[in-house]
Amino acid sequence: MSNQPGGETAAQLDLPVDPADAEAARKAASKEAADTVLQAFGGVRGMIDMTLPGLVFIVTYNLTHQVSTSAWAALGLSALFVVARLAKRQTIQHAFSGVFGVALGAWISMKSGKAEDFYLPGLLWNVGYCVALAASALARWPMIGVMLGPITGEMFTWRKENPGRLAAYTKATWAWVLIMGLKPVILFPLYFTHNVNLLGWLKVALGIPPLLLAMYVTWQILLKAPPPIKAELDDEEEPAK
């Protein structure tokens, strides 16, 4: 069972619906759904958690020219982010994923002795992420919809009941493929040149701006999409207490 937001009360009371009010409600519901984009990707704090360790690594490396020291500095900062979130009882999803990526990069770079290897896991993750986004869009399970559905309360009603949102989520997912795909296209060639400084600074520079652009494009797409259809369990589907 699913309900269109804003329409149930008028229908139950059998009252006429003003077209202007209905359109305003539709736009408000679409904006509310679009505003969940930043929340889904961890907000500003999540972006900082994922970007600053790389900056600390390249700054420390320029100061010490020691791979292990730089790697431990970045890893320590990532761990500090997790502790700070735990202390404030905030979600550690994005901070923890940052710790995992930094720890893997630190381990690889310390094993090889090559500073550029610190960035290798992130580069490979970017490639894999773009491939997964493209595959999800082709399979008509666009990843942006899968991520935002539980947050907006629509779950997966957009797949069968709301073709306009399916189209919007598919379009947004392809936008992410194009925007986020620029990072490995630019950075991977630098990795093979062993120019650690240029690779490190560009990696930091390309951390937040593409993510903000992708979120803004998604927000714009969802503003123009039909509002989400909230997913609700039928009485007979509700679990027994």
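This report describes loop residues, aromatic pairs and nonpolar cores in a predicted model. Local features require pLDDT of at least 70 and side-chain atom pairs count only at pLDDT 80 or more, whereas totals for chains, interfaces and linings use all residues. Residues are numbered from 1 along each chain as its sequence is written, and side-chain values use heavy atoms, with hydrogens and water left out.

Helices are DSSP runs of H or I with at least four residues, strands are runs of E with at least two, and both are numbered from the N terminus. Burial is expressed as relative accessible area: buried means under 20%, exposed over 50%, and partly exposed in between (1.4 Å probe, protein chains only).

Within α8, the buried residues are M143, I144, G145, L148, G149 and T152. G153 follows α8 and has a positive phi, near 90 degrees. E154 belongs to the loop between α8 and α9, and its relative accessibility is 0%, so it counts as buried. Contact is taken as heavy atoms within 4.5 Å. With neighbours within four places in sequence left aside, E154 is in contact with G149, R165, Y169, P228, I229, K230 and A231.

M155 lies in the loop between α8 (143-152) and α9 (157-160). Although M155 is a residue other than glycine, its phi is positive, near 55 degrees. Its relative accessibility of 37% makes M155 partly exposed. H194, which is not a glycine, also has a positive phi, of about 65 degrees. H194 is found in the loop between α10 (163-193) and α11 (196-205), and at 49% relative accessibility it counts as partly exposed.

**Aromatic pairs**

A pair of aromatic rings is described by the distance of the centres and the angle of the planes. Rings of Phe, Tyr and Trp (its six-membered ring) pair if their centres lie within 6.5 Å; planes under 30 degrees apart count as stacked, over 60 as edge-to-face and the rest as tilted. The structure holds 13 aromatic pairs.

| Pair | Distance of centres | Angle of planes | Class |
|---|---|---|---|
| F188 and Y191 | 6.3 Å | 85 degrees | edge-to-face |
| F188 and F192 | 6.0 Å | 20 degrees | stacked |

F188 and Y191 are three residues apart in helix α10, so about one helical turn separates them. F188 and F192 also both lie in α10, four residues apart, about one turn of the helix. F188 is buried at a relative accessible area of 17%, and Y191 is buried at 12%, whereas F192 is exposed at 57%. One aromatic cluster is formed by F57, Y61, F118 and Y119.

**Nonpolar cores**

A nonpolar core is a set of buried Ala, Val, Leu, Ile, Met, Phe, Trp, Tyr and Cys residues joined through side-chain atoms within 4.5 Å. The largest such core has 24 residues, of which W176 and M180 touch the most other members. Two or more residues of this core come from each of α7 (120-138), α8, α10 and α12 (208-223). Its largest share, eight residues, is given by α10. Leaving aside neighbours within four places in sequence, M180 is in contact with C130, P210, L211 and A214. Another core, of 23 residues, lies apart from the largest one and includes A74, L123, L190 and V196.
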